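Subject: Structure for you to look at

Hello,

I am handing over the structure we spoke about, and below it you will find my notes on what turned up. Please read them with the model open beside you.

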Amino acid sequence: MNSKTETLVIGGGIIGIFSALQLLRSGQRVSLLESGDPGKEASFGNAGCLAVSEVVPISLPGMLRHVPGWLMDPLGPLSIRARHFPKLVPWLMRFNQMGNDAQVEKASRAQADLMKLTESEWRETSNNSNFADQVTWNGKLMVYETQKGMENDRGYWEWCQKNGVEFHELSGDEIRQMEPALTTRFAGGILTPAYAHVSDPYEIARTLLDRFVAEGGTVITARARHFADSHSLLLENGGTIAFEKAVIAAGVWSKKLANDLGYKVLLEAERGYNTTLPNAGLKLNRPIMFGEQHFVISPLACGLRIGGAAEFAGLSAPANFQRSKNLLKIAKKYLPELDETEKREWMGPRPSTPDSLAVIGQAPRHPNILFAFGHGHLGLTQAAGTARLVQQLANGEKPAIDLSPFSIERFN
Ligand SMILES: Cc1cc2nc3c(=O)[nH]c(=O)nc-3n(C[C@H](O)[C@H](O)[C@H](O)COP(=O)(O)OP(=O)(O)OC[C@H]3O[C@@H](n4cnc5c(N)ncnc54)[C@H](O)[C@@H]3O)c2cc1C
């Protein structure tokens with residue numbers, strides 16, 4: 001198949017779909033290239049949080065001292081498969097370099113700018129595309145079993161405060177009032193009001209894709225092999241697509257496409273696990289994060305979703321669903337009555353950079369090619385803001401925020 005398009009978006013996850021829709025709405029002729037079923041990779045089973053208050057990067061100073069303890073626990077919050085370790089070294093070294101106040105401040109400021117944009121874009125698009133009922137702006141609750149657990153996170157909350165994130169400290173009784181289903185006695189917690197959860201992340205991706213198709217967008221099912229030059233892409237099926245502009249939005253698989261064009265990027269599959277309980281039998285009003293245990297429970301329309309974990313094992317290693325099982329077991333410590341019938345386990349690859357910032361912007365030597373990948377833990381959240389930035393760049397408009405911290409130049 002040989003075809004021609006004005007604007008080609010490569011990758012049909014939430015980032016590619018949202019970007020394709022905004023490009024189309026700005027008047028461009030857009031084709032979305034997806035190798036499989038749109039929305040079925042990292043964007044499928046995530047926790048469904050619009051975590052607009054999460055502006056602080058993961059590489060906080062002092063964070064590394066927890067790593068040996070986490071690695072000792074085979075089912076702990078962090079794991080690295082030994083065989084993958086040598087490939088991970090450059091990423092880990094950069095992660096380590098990011099763990100100082102100056103870098104955290106820089107990254108938080110950039111992230112806060114993007115979060116402000118993404119929040120307003122989510123509100124606007126969910127209203128003008130008639131899916132506001134699938135987004136609940138009801139905040140997030142972080143709960144701590146002990147004062148010590150709360151103290152351990154103090155540094156994180158100070159960074160949030162410095163970046164203007166609104167939050168409120170709650171007593172154990174206040175937590176019980178807000179979430180009666182949480183029967184455990186917690187020492188305290190923190191409510192972050194600027195936070196939403198969606199009904200189901202896959203449903204949101206499909207809603208946006210349906211709009212894209214209904215409004216005249218084209219979906220091409222084929223796998224990109226590599227760029228033949230700056231205006232054409234070779235496909236695995238032997239075909240070619242010629243384009244005027246292209247957007248690389250292929251999640252963790254974007255690394256190879258960026259490399260083809262001669263750009264280095266530190267991008268790893270940070271694999272997360274969860275279990276969805278469609279018949280959980282209890283009601284939560286908002287996502288709950290468990291401070292000491294590092295997992296989240298999201299109340300989605302498709303069930304309670306319990307998950308977390310960060311596993312660096314490469315892209316093709318088989319999933320270890322003991323991780324989902326272990327997280328469910330920990331959750332049952334707090335919510336023993338959870339009903340597990342018809343539970344579904346899932347693993348997905350977060351496309352993660354070591355500084356927690358996505359790669360968004362023009363390819364320095366290929367101005368007609370845009371990058372929109374590497375959103376790590378925050379891809380669903382940042383999809384709306386990223387889509388607006390992609391639309392602005394593709395139309396030669398001034399981007400709504402300073403994109404220099406998101407540039408691929410930081411890896412080259
Ligand atoms: C357990 C877990 C929980 C999470 N919770 C949240 C959350 O609550 N909130 C949040 O904001 N984020 C969350 N995330 C992160 C979020 O899921 C990701 O950041 C986001 O889905 C990334 O979207 P994407 O479109 O970049 O990638 P993907 O969804 O992976 O999409 C990339 C697409 O590109 C396609 N593709 C790849 N290569 C090619 C090629 N060569 N040719 C054509 N197509 C190609 C793939 O088939 C895929 O469909 C979570 C992630 C995990 C794993």
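Before we come to the sheet, a definition is needed: two strands are said to pair if DSSP finds at least two bridges between them. Please also keep in mind throughout that this is a predicted model.

With that definition in hand, you can find an open sheet of 3 strands, in the order S3-S9-S5, whose pairing is antiparallel. Its edge strands are strand S3 (49–50) and strand S5 (135–136), each of which pairs on one side only. Between S5 and strand S9 (residues 196–198), which run antiparallel, there are 2 bridges, and if you look at Val135 you will see that its bridge partner in S9 is Val198.

Next comes the ligand. Which residues come nearest to it? There are 34 residues around the ligand, and those that come nearest are Glu34, Ser43, Cys49, Gly376 and Thr381. In the case of Glu34, an N or O atom of the side chain lies 2.6 Å from an oxygen atom of the ligand, whereas Ser35 has a polar backbone atom that is 3.2 Å from a nitrogen atom of the ligand. Ala42 also takes part through its backbone, with an N or O atom 3.0 Å from a ligand oxygen atom. Of the 1000 Å² that the ligand exposes when taken alone, the protein buries 96%.

The shell around the ligand is made up of 15 nonpolar, 15 polar and 4 charged residues. At least two residues of this shell come from each of helix H1 (14–25), strand S2 (30–34), strand S14 (268–277), strand S18 (344–352) and helix H11 (379–394), and S18 gives the most, with 4 residues.

Why is the pair of Tyr263 and Phe371 called edge-to-face? The ring centres of Tyr263 and Phe371 are 5.5 Å apart and their planes stand at 80 degrees, so the pair is edge-to-face, given that planes over 60 degrees apart are counted in that way. This pair links distant parts of the chain, 108 residues apart, because Tyr263 sits in the loop between helix H9 (254–260) and S14, while Phe371 belongs to strand S20 (residues 366–373).

Best wishes

Key. Residues numbered from 1 in each chain as written. Predicted model: local features only at pLDDT ≥ 70, side-chain atom pairs only at ≥ 80, totals over all residues. Heavy atoms only, no water. Near = heavy atom within 4 Å. Polar contact = N/O pair within 3.5 Å; in protein donor to acceptor, adjacent residues only side chain to side chain. Areas by Shrake-Rupley, 256 points an atom, 1.4 Å probe, with all protein chains shown as cover. Nonpolar A, V, L, I, M, F, W, Y, C, P; charged D, E, K, R; others polar. Phe/Tyr/Trp six-rings, centres within 6.5 Å; stacked < 30°, edge-to-face > 60°.
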